[in-house]
Amino acid sequence: VAIGLLGHSAALVADGIHSFSDLICDLLVLIAAHFSKADADSDHPYGHQRVQTIATFGIGIFLVLVGLAIGYDGLLRLAHPNPTHPDVITIWAALLSVIANELLFYYTLHQGNKINSDLLRANAWHSRGDSLSSLVVFFALLGVIAGWPFLDAVAALFVALMIIRIGIQWAYKSGNELIDEGLNPQELNKIENVIRQCPQ
């Protein structure tokens with residue numbers, strides 16, 4: 001955000017705000033992971049695993065809201081382009097953001113798969129969203145410096161749609177889990193075949 005302000009890049013500022021939102025999501029993940037480990041009790045006879053599901057749903061909704069905010073800002077900048085060209089330092093900042101978020105994505109996804117946690121996997125894809133948005137901003141900044149200032153706003157809109165799509169996917173999946181969605185017919189057939197093969 002600081003480099004975006006100093007380097008006159010609204011796209012980098014928006015990307016920085018998006019990355020800052022990761023801190024909020026990470027805090028939510030830590031809290032949910034702590035409470036979901038609690039054993040079953042008289043009030044929660046099936047344990048507290050649904051805390052992770054609720055947190056995943058919250059991350060999905062949060063991603064949608066962040067995407068809408070970035071998209072709105074992109075539309076405003078597309079209607080009223082900024083004549084100030086960004087400094088070269090903004091390009092290096094965007095590239096550094098791409099590398100850092102990609103490393104974080106692979107690490108978090110690995111840990112999520114290791115312990116089979118949708119919450120960590122959702123948070124990993126949030127990092128991937130940051131990485132892709134920074135990549136778009138990187139190329140947009142190159143384009144702006146080359147003489148196409150409208151690319152800044154176009155990049156913001158692309159990033160917004162990508163973030164919204166990821167948010168909807170995770171919110172939909174965790175929402176179905178919260179309302180105990182039944183298995184699809186294919187999975188039910190597999191279970192039925194396994195049961196029929198058991199000796200009576």
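**View 1. Helices around the second largest cavity.** Helix 2 (10-36), helix 3 (50-79), helix 5 (118-146) and helix 6 (151-178) each contribute at least two residues to the lining of the second largest cavity, helices being DSSP runs of H or I with at least four residues, numbered from the N terminus. The largest share of this lining comes from helix 2, with four residues. This is a predicted model, in which local features need pLDDT of at least 70 and side-chain atom pairs count only at pLDDT 80 or more, while totals for chains, interfaces and linings use all residues. Residues are numbered from 1 along each chain as its sequence is written, and side-chain values use heavy atoms, with hydrogens and water left out.

**View 2. The lining residues.** By class, the lining has six nonpolar, two polar and two charged residues, where Asp, Glu, Lys and Arg count as charged, Ala, Val, Leu, Ile, Met, Phe, Trp, Tyr, Cys and Pro as nonpolar, and the others as polar.

**View 3. The surrounding chain.** The structure holds two cavities of 30 Å³ or more, and the secondary structure of the protein chain comprises seven helices and zero strands. Of the 200 residues in the chain, 40% are buried, that is, under 20% relative accessible area with a 1.4 Å probe, protein chains only.

Key: On a 1 Å grid over the protein atoms alone, a cavity is a set of points where a 1.4 Å probe fits but cannot get out, and a pocket is an open set with protein on both sides within 12 Å along at least five of seven lines; lining residues have an atom within 4 Å of a point. Grid points are joined across faces, edges and corners, and a volume is the space filled by probe spheres set on the points. Buried means under 20% relative accessible area, exposed over 50%, partly exposed in between (1.4 Å probe, protein chains only).
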